[in-house]
Amino acid sequence: MRYWISAAVVVAVVVFLWWPSSSSERLVYQTQALSRGDIESVVNTAGTTRAVVTVEVGSEVSGLITAIYADFNADVEQGQLIARLDDRSFQARVRQAEADIQMSEANVIQQEANLVKAEAELVRLERAYQRQLQLMQQNLTNQTEVDNALANYEVAKAQILVSQAQLQSAKAQLTQRQAQLEQHQLDLDRTQIRSPVNGTVIDRQVDVGQTVAASLSAPTLFTIAQDLSQMQIEADVDEADIGKIEAGQQVRFQVDAHPDRQFQGVVSQVRKAATNVANVVTYKVIIDAPNRQQLLLPGMTANLNFIIGQQQDVLRIPNAALRFRPAGAQQSGQQPADRTAELLRQLDLPADKERQVRRMLQEFNQNLQQLRSQQSNNPMSNPRQAFQQARQALTNELRLVLSEEEFSRYQSLMAEQRQQTQGRGEQGRMAEVWVLNARQEPELRRVRVGLANDEFTELLSGELSEQEQVIVRAVRTER
């Protein structure tokens with residue numbers, strides 16, 4: 001009897017605790033009407049402005065700055081004198097080199113005279129030898145005198161060779177002294193710092209009285225921007241967005257110095273060299289921007305919008321409606337498990353790698369489902385950033401498992417899938433939204449959508465009329 005009484009008390013307590021909570025809450029669906037307006041699809045990033053051509057002017061010689069003729073923001077011309085170094089020691093070296101040349105020239109003249117003297121001595125000794133031969137034929141001299149005359153003649157011929165060699169050496173020394181003079185004269189000219197281009201001085205790093213040391217490398221004295229009427233912007237674009245960027249695209253940007261003004265630019269180059277910082281891969285994109293009023297200064301931070309596409313006066317769906325999915329509803333079309341199996345089949349990996357990649361893809365799909373459920377109930381969140389972080393984490397894990405060839409094949413297959421499921425243009429892509437039926441219950445509608453921005457997506461066609469309202473979120477409220 002006591003057992004039944006205790007059981008009854010427990011049941012009563014459970015019913016008391018459960019019944020108010022279950023009956024005091026209900027699910028309320030919040031809806032939003034479709035709207036008409038303009039849609040602009042953009043890719044956001046930041047970059048740094050710089051001049052198209054920037055020249056750092058340095059000094060190839062060391063010395064003391066004695067004069068500066070150009071200051072900040074000064075317009076200079078090519079060849080214009082902008083600074084001067086103390087040149088007294090260089091002038092002394094030039095004078096010394098000039099004196100060395102005079103000595104070398106005198107030495108050349110002396111060696112030429114020695115050669116003429118040796119040639120004359122050779123002629124005299126040749127005649128003396130011939131005369132001794134004639135006397136020997138007449139028995140008027142002995143063999144010793146003939147041999148001495150011949151020896152003197154041979155010595156004279158050798159002396160000619162010595163004099164010629166000394167003359168060549170003197171001429172070579174003269175050439176060497178002339179080269180030294182040219183080098184000292186060049187160093188003297190380098191004490192005059194001249195502008196190599198026409199432009200504007202945007203930086204000066206020296207003052208009068210400062211010593212410039214150019215022992216290991218040329219120190220930078222001035223920085224000259226060749227033409228500030230045309231600027232370039234270097235932007236880092238994430239690898240997830242780089243496929244949308246191409247040369248010739250229009251770019252709109254702002255700088256903090258002129259927050260109420262918008263500037264225009266054009267993509268001139270998409271560089272293929274990747275930069276990996278903290279496992280985030282980015283690519284350099286170069287934007288050409290006119291700067292006729294010279295409001296843009298080198299080094300400014302530009303907030304860029306790459307214009308991917310534009311549509312005017314189109315029917316728009318709130319992005320929250322595309323992310324909403326009722327509890328327990330399954331997404332139509334190919335399921336994540338089917339896509340994973342198809343992807344693994346096309347990759348054709350070894351068994352051990354296939355198991356690892358399958359696990360990674362399953363975890364990635366689960367993370368995406370959790371993110372979608374969180375985003376549908378949190379309108380202030382940033383789904384794009386969360387999806388990019390999850391995709392980047394998957395990419396980093398795959399790089400560690402797959403070989404370079406396998407990873408390249410994986411990227412190609414994913415690019416094909418994105419083109420099939422997220423194509424741009426007139427055909428658009430398939431999507432699902434939910435509306436409330438007559439019983440105030442969610443009802444599925446399939447639509448085809450096109451361009452999208454942070455708030456809206458273009459509605460191209462589908463099972464949805466302009467007067468209907470779509471569900472954007474579900475909220476539990478008390479009765």
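**Charges over rings, and the basis of the model**

Arg 93 lies over the face of Phe 90, at 5.1 Å from the ring centre, where a charge counts as sitting over a ring if NZ of Lys or CZ of Arg is within 6 Å of the ring centre and within 35 degrees of the ring normal. Arg 316 is placed over the face of Phe 456 in turn, at 4.1 Å from the ring centre. This is a predicted model, in which local features need pLDDT of at least 70 and side-chain atom pairs count only at pLDDT 80 or more, while totals for chains, interfaces and linings use all residues. Residues are numbered from 1 along each chain as its sequence is written, and side-chain values use heavy atoms, with hydrogens and water left out.

**Aromatic pairs**

- A search of the whole structure finds four aromatic pairs, a pair being rings of Phe, Tyr and Trp (its six-membered ring) with centres within 6.5 Å, classed as stacked when the planes are under 30 degrees apart, edge-to-face when over 60 and tilted for the rest.
- One of them is the edge-to-face pair of Tyr 29 and Phe 324, with 6.3 Å centre to centre and 85 degrees between the planes.
- This pair links distant parts of the chain, 295 residues apart, since Tyr 29 is in strand β1 (residues 25-33) and Phe 324 is in the loop between α4 (319-323) and α5 (336-347); helices (H or I, at least four residues) and strands (E, at least two) are DSSP runs, numbered from the N terminus.
- Tyr 29 is partly exposed, with a relative accessible area of 21%, whereas Phe 324 counts as buried at 3% (buried means under 20% relative accessible area, exposed over 50% and partly exposed in between, with a 1.4 Å probe and protein chains only).
- The rings of Phe 407 and Tyr 410 form a tilted pair, because their centres are 6.1 Å apart and their planes stand at 35 degrees.
- Phe 407 and Tyr 410 are three residues apart in helix α8 (residues 404-421), and are therefore separated by about one helical turn.
- Phe 407 is buried at 7% relative accessibility, and Tyr 410 is buried with a relative accessible area of 7%.

**Ser 195 and its surroundings**

- Ser 195 is placed in the loop between β7 (192-194) and β8 (199-204), and at 2% relative accessibility Ser 195 counts as buried.
- A polar atom of the Ser 195 side chain lies 2.6 Å from the backbone oxygen of Val 197.
- Leaving aside residues up to four places away in sequence, Ser 195 touches Val 76, Glu 77, Gln 78, Gly 79, Gln 80, Ile 82 and Ile 224, where contact means heavy atoms within 4.5 Å.

**Sheet**

- Four strands form an open sheet in the order β3-β10-β8-β5, with antiparallel pairing; two strands pair if DSSP finds at least two bridges between them.
- The edge strands are β3 (54-58) and β5, each of which pairs on one side only.
- β3 pairs with strand β10 (residues 220-225) in the antiparallel sense over five bridges, and Val 55 stands opposite Ile 224 in β10.

- Most residues other than glycine have a negative phi.
- Asn 73, although not a glycine, has a positive phi of about 65 degrees; Asn 73 is found in the loop between β4 (63-68) and β5 (75-76) and counts as exposed at 61% relative accessibility.
- Gln 294, also not a glycine, has a positive phi of about 55 degrees; Gln 294 lies in the loop between β14 (280-290) and β15 (301-318) and counts as partly exposed at 45% relative accessibility.

Methods. A polar contact is a pair of N or O atoms within 3.5 Å; within protein, one must be able to donate a hydrogen and the other to accept it, and residues adjacent in sequence count only if both atoms are side-chain atoms.
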